[in-house]
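Here are my notes on the model you sent over, as numbered points. Keep the viewer open while you read, and click on each residue as it comes up.

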Amino acid sequence: MRKFKKNNTAIQIFEYFIRTLIENDVVDPSIVFIDGTHLKANANKNKSVNKEVEIAAKRYQKELDEEIDRDRAEHHKKEIKRKKKETHDTKEIKVSTSDPDCGYFHKGEKEKCFAYNVNVGCDRHGYILGMSIDSGNVHDSVAFYHLNLDYAYREQIETMVLDAGYSTAPICHSVHSEGKEIIVPRKRAASKGKGYYKKWQYEYNQEEDIYVCPLGCILRYSTTNKDGRKQYKSNEKQCKSCPHLKKCTQSRNCTKVIERHVWQEDLEESIKLQKSQEGKRIYDQRKQTVEREFGDGKRRHGLDYTLYRGHERVYDHTLLTFTGMNMKKLCTYYKKQKEKYAKKKSFGHQNEEVKRIKGQK
């Protein structure tokens, strides 16, 4: 690994093999299945320090700011005053002293550990077409923008299939802006408890740009905040006398607020596609493609844990592992094709022998 550290040998090998697969029509990049998994880092979770770091700006921040200004102007609102470029928001994170490039990962009941976040895109045959590696504390919805799917086939991609971790309005908008389709499921919204109204129970009227609550009260547009979310508020006087107030909101001023992203239409279009008959059929293929590749990689190729340290070395090793998995899959494919051809040829000889015997009779 150290011999080829400076000349991107691992990337060149991977790109060459992918180009070869495309030229020979082995892969089908029209539909790409994307998912992420965590690779446990070679770092002791008890050896760490707390560090103050800057919050990185969103990749789509400039486009989002322009959309926010446009939306506020349509509603006759003043332009938002943004912070100067010199000032940055910060947050405190836990950093490993053994491998500073990894991130502290914790999800649900899983063990807390230092890890890397690996995101992968593959075709319907299971060939891995691209990958990215981020710190374990980077969410999938952020890591999606680092995923490299530019290996000579970007224009051939028609549909991207992702799980609920990527189900955000900005991701759907960015994919649609490229002229491609995206299939994502609806993300399960956080519930305040049993008996409360869910967000989907409030019907949105696009023509009038209002929300209607289950009892028929109207929530009208109020403002668009700096995060790109339009806020719709109910009438305080109506809500005070409502018998279902406790099912609707817990605010002191008895006002229900619903937020809607400025790119919400892109997300709803993608969810609608996933619920269609064809969308369900395509989405179910994730189990036979990207999820199977993760399972195979962790069970047979050591992708559940890395012995290397540092982003560059982990990236190169993981990329070479995926290249080997692609080669293995190709060899298996050619072996099956060879057996199929031999069987067909043998069957043809048998038919000719039967015809010859019948002719003699």
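1. Start with Tyr211, which you'll find in strand β10. This is a predicted model, so treat every value here as computed from it. Is Tyr211 buried or exposed? Its relative accessible area is 4%, and the cut-off for buried is under 20%, so Tyr211 counts as buried.

2. Now look at what surrounds Tyr211. Skipping neighbours within four places in sequence, its contacts include Lys199, Tyr202, Cys217, Leu219 and Arg260. Ile258 is also one of the contacts. The C-alpha atoms of Tyr211 and Ile258 are 8.2 Å apart, although 47 residues separate the two along the chain.

3. On to the rings. How many aromatic pairs turn up in a search of the whole structure? The search finds ten. One of them joins Tyr60 to Trp263, edge-to-face, with 6.1 Å from centre to centre and 65 degrees between the planes. Tyr60 sits in the loop between β2 (48-54) and α2 (61-74), while Trp263 sits in the loop between β13 (257-261) and α7 (264-275), so this pair ties together parts 203 residues apart in sequence. Tyr60 and Trp263 are both buried.

4. Tyr211 and Tyr232 make an edge-to-face pair, 5.2 Å centre to centre and with 75 degrees between the planes. Tyr211 belongs to strand β10 (residues 210-212) and Tyr232 to strand β12 (residues 229-233), so to speak a link between distant parts of the chain, 21 residues apart. Tyr232 is buried as well, at 0% relative accessible area.

5. The charged end of Arg260 sits over the ring of Tyr204, 3.8 Å from the ring centre. Over the ring of Tyr104 you'll see the charged end of Lys94, 4.4 Å from the centre.

6. Next, a couple of backbone angles to check. Most residues other than glycine have a negative phi. Asp25 isn't a glycine, yet its phi is positive, about 55 degrees. Asp25 is in the loop between α1 and β1 (31-40), and at 68% relative accessibility it counts as exposed. Asp209 also has a positive phi, near 55 degrees, and isn't a glycine either. You'll find Asp209 in the loop between β9 (203-205) and β10, but here the residue counts as buried, at 16% relative accessibility.

7. Which residues make a nonpolar surface patch of about 220 Å²? They are Ile13, Leu320 and Met327. Ile13 comes from helix α1 (residues 9-23) and is partly exposed, with a relative accessible area of 35%.

8. Finally, zoom out to the whole chain. There are ten helices and 13 strands, and 41% of the 361 residues are buried. Take the contacts between residues at least 6 apart in sequence: 67% of them join residues at least 24 apart. The accessible surface comes to about 23,000 Å², with 48% of that belonging to carbon and sulfur atoms.

Technical notes
Residues are numbered from 1 along each chain as its sequence is written. This is a predicted model: local features need pLDDT of at least 70, side-chain atom pairs count only at pLDDT 80 or more; totals for chains, interfaces and linings use all residues. Side-chain values use heavy atoms; hydrogens and water are left out. Rings of Phe, Tyr and Trp (its six-membered ring) pair if their centres lie within 6.5 Å; planes under 30 degrees apart count as stacked, over 60 as edge-to-face and the rest as tilted. Helices (H or I, at least four residues) and strands (E, at least two) are DSSP runs, numbered from the N terminus. Buried means under 20% relative accessible area, exposed over 50%, partly exposed in between (1.4 Å probe, protein chains only). A charge sits over a ring if NZ of Lys or CZ of Arg is within 6 Å of the ring centre and within 35 degrees of the ring normal. Contact means heavy atoms within 4.5 Å. Accessible areas come from the Shrake-Rupley method with a 1.4 Å probe; for residues, only the protein chains shown count as cover. Patches are made of residues with over 30% relative accessible area and no salt bridge: like charges are joined within 9 Å, nonpolar side chains (Val, Leu, Ile, Met, Phe, Trp, Tyr) within 5 Å. A salt bridge is a side-chain nitrogen of Lys or Arg within 4 Å of a carboxyl oxygen of Asp or Glu.
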